[in-house]
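Me: I have just opened this model and would like to learn how to read it. Could you walk me through some features, one at a time?

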Amino acid sequence: MRKKKKKNNNLIIFILSIILVLSIVSIIKFSNVFNNNENNNNKNNEINDINEENDKSKDNNEKPKNEFEKLSYYKSENLNRYLAFQEKNKDYSIEKIVTYVNIGLDYEFYSHVNNADMSKGILVLMNKYNKLSEDYTPNDLEEIDSKYFINGNTLVRNLKKEAKEAFEMLSYDSIQNGTPVYGQSAFRPYSMQESLYNRAVSNYGQKQADIDTARPGFSEHQTGLAIDVSSTKGGNMLSFDKTESFNWMNENAHKYGFILRYKKETTDITGFMYESWHYRYVGVKVATDMHDNYPDLTYEEYYTRFIENK
């Protein structure tokens, strides 16, 4: 009987031992699973934190540093000038501020002058902030045929070859249409422009002369790309906008690569009075784009936005 009881006790102890061992094993496994989950959570949290930091960094890199930078024609070196100009012109749009400063309009006319960028070819910008040297003369000047020019004025009948050929086609077609356009004054060298300007100063004073006549070295006529026109062989340049020929030019000049350079109410940008007779050759592509898509822009504005940094 005692032996049997002893056997039972041993069996119970054995069973309890097994249960204890299994319990310990289960506890260890659960602990490992918990720790692994905790580690994974920590790692996931770390990864999320890194991703968030990267996203923030990416956002910071993509956001413009200032409101002007979003424009394709923004110049970082002009930032302080943009800010100063904006302070004085709070009602101006961002586009207008950047455009005007890039042109140079935050400075007085004929101050902060640069050499004209002749690498632009027929698209060179000539105005009161860009000048040509005294000895500059285009090397491909050609004389416009007399049938497309007013009587006389033989000293100012030349244009650069490309512009000359385009103008002769324009003049021929305008004559065929019954709305003739003749050249009246084309290329003028520095010395001739100097004489014209000095005479204007003598007659009207410098302030008025600067609105009417370019200073020597600053005239588009010296590039061989500009021409003053008339609707008669006798010359009526100053009343050109009263003629049907002027209306024809408004509708057709761009087809030959010419733009009206000094439009009404643009003196604050160009520095020159309205000149219905002064046309500038820029090529068919640019002239047509300006005519069709940007009819209100001056060449200064168009050049700054679409040509200067291309």
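**Reading the side chains**

Me: Is E168 buried or exposed?

Reply: E168 is buried, with a relative accessible area of 15%. Buried means under 20% relative accessible area, exposed means over 50%, and partly exposed lies in between (1.4 Å probe, protein chains only). Before going on, note that this is a predicted model, where local features need pLDDT of at least 70 and side-chain atom pairs count only at pLDDT 80 or more, while totals for chains, interfaces and linings use all residues. Residues are numbered from 1 along each chain as its sequence is written, and side-chain values use heavy atoms, with hydrogens and water left out.

Me: Which residue forms a salt bridge with E168?

Reply: A salt bridge is a side-chain nitrogen of Lys or Arg within 4 Å of a carboxyl oxygen of Asp or Glu. Here the partner of E168 is K164, and their closest N and O atoms are 3.6 Å apart. Both sit in helix 4, 4 residues apart, so about one helical turn separates them. Helices (H or I, at least four residues) and strands (E, at least two) are DSSP runs, numbered from the N terminus. K164 is also buried, at 13% relative accessible area.

Me: How should I read K161 and E165?

Reply: Their side chains meet in a salt bridge, at 2.7 Å from N to O. This pair also lies in helix 4, 4 residues apart, which is about one turn. K161 is partly exposed at 36% relative accessible area, and E165 is partly exposed at 35%.

Me: Where do the two partners R280 and E220 lie?

Reply: The side chains of R280 and E220 meet in a salt bridge, 2.9 Å from N to O. R280 is in strand 8 and E220 is in the loop between helix 6 and strand 6, so the pair ties together parts that are 60 residues apart in sequence. R280 is buried at 0% relative accessible area, and E220 counts as buried at 1%. Elsewhere, salt bridges that share partners join E142, K161, K164, E165 and E168 into one network. The structure holds 15 salt bridges.

Me: What is the span of helix 4?

Reply: The expected span of a helix is 1.5 Å times one less than its number of residues. Helix 4 has 16 residues and reaches 23 Å from first C-alpha to last, close to the expected 22 Å. Its buried residues include A163, A166, F167 and L170. After the helix comes G178, with a positive phi near 85°.

Me: Which residues touch the most other members of the largest nonpolar core?

Reply: In soluble globular proteins, nonpolar side chains tend to be buried together. A nonpolar core is a set of buried Ala, Val, Leu, Ile, Met, Phe, Trp, Tyr and Cys residues joined through side-chain atoms within 4.5 Å. The largest one here has 31 residues, and F167, I227, F258 and Y279 touch the most other members. Helix 4 gives the largest share, 4 residues. Apart from this core lies another, of 15 residues, among them F68, Y82, I103 and I269.
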